[in-house]
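Hi,

Here is the structure I promised to pass on. Have a look when you get a minute, and my notes come after it.

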Amino acid sequence: MYIVVSISQCEMISNDMSKPFTTKKFVNDAINKFNHKFNYSKVSYVNANTLVTIICPDHGEFKISPWKFLNSKHGCKACAVKVMASKQKELTKKKLEELKKINDALYEYPECHFNGIKDKIPVQCKKHGIFHVTVDHHLHGVGCKKCADERKTGGYNLQWFDADTNRKSLPGILYIIEVYNDSERFIKIGITKNSVSKRYNNSPFKKYQYKIIYQFYDSLYRCFLKEEEIKRLFKEYLYSPKHKFHHTESFTLGALPQILELYEITQPFSPSSLTSI
Ligand SMILES: [Zn+2]
Ligand SMILES: [Zn+2]
């Protein structure tokens, strides 16, 4: 193979008697660099900056200065674009695989066909459903907006627990309280790292009083999962208090007997306390 090319070079060089050495040297340097990828039959070397014609087996003829050609990584621009594109695709795919591992608890990726990092992909938040985000943004930590909103209000979520697994074993309390004033009565379910009274006595709102119905002591994480379960099972009982306070969910009193039954809570209303919140 090499010999055949060498003969054709000799013929070409003999046709170009004006610059035999420089054309030959350029072609040899080019072969040293790019092996036998390109066809140099149309090269007529004048100087380092005067364009020469080179033929790419994949993309045809192109003109380039000898200097630029020998200092480029791929020789042909179209080949370079192709290599870069496939490298980027490979890289983003690899990164998305990493993301999947990291975000396994939070997100699922129903379809993840994309050509570049600027493409939007659908991501399934396990809590809030599908949202769309560019691969680029997602790789930089942009996730579910609803989860982010919840974080802002101080609520616990899977992302918060996953950020530091030690948080999962923190002691916690799942509580059910009955909240009331002269015109309203409803129940509220939440979790706290502190006692319920600490949780509510810090509240800036004093519109309601409350009575503890049930407190469940476990790891904060298991409390969180139980709270999520109650929210899911009893969403038809969701209630919006007239006075906004805290981010935890409120339910109508009608949900209470079923919640107590589900968790086999036989002795509710103890200990009870009356406090303004
Ligand atoms: Zn090419
Ligand atoms: Zn979410």
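Below is what turned up, starting with the ground rules.

This is a predicted model, with local features needing pLDDT of at least 70, side-chain atom pairs counting only at pLDDT 80 or more, and totals for chains, interfaces and linings using all residues. Residues are numbered from 1 along each chain as its sequence is written, while chains are lettered from A and ligands numbered from 1 in the order in which they are written.

The protein chain has ten helices and eleven strands (DSSP runs numbered from the N terminus: H or I of at least four residues for helices, E of at least two for strands). Of its 277 residues, 21% count as buried (20 or more other C-beta atoms within 10 Å of a residue's own; exposed is 12 or fewer, partly exposed in between, with C-beta atoms placed from the backbone).

On to the cores (buried Ala, Val, Leu, Ile, Met, Phe, Trp, Tyr and Cys joined through C-beta atoms within 7 Å). The largest nonpolar core has 26 residues, and Ile176, Ile177, Ile187, Phe251 and Ala255 have the most contacts inside it. Elements giving it two or more residues include strand 7 (185-192) and helix 9 (220-233), but strand 6 gives the most, with five. Apart from it lies another core of ten residues, including Phe26 and Tyr40.

Then there's Glu61, in strand 2 (residues 60-64). Glu61 is exposed, because it has 10 other C-beta atoms within 10 Å. Asn39 is 22 residues away from Glu61 in sequence and 9.1 Å away in space, C-alpha to C-alpha.

Cheers
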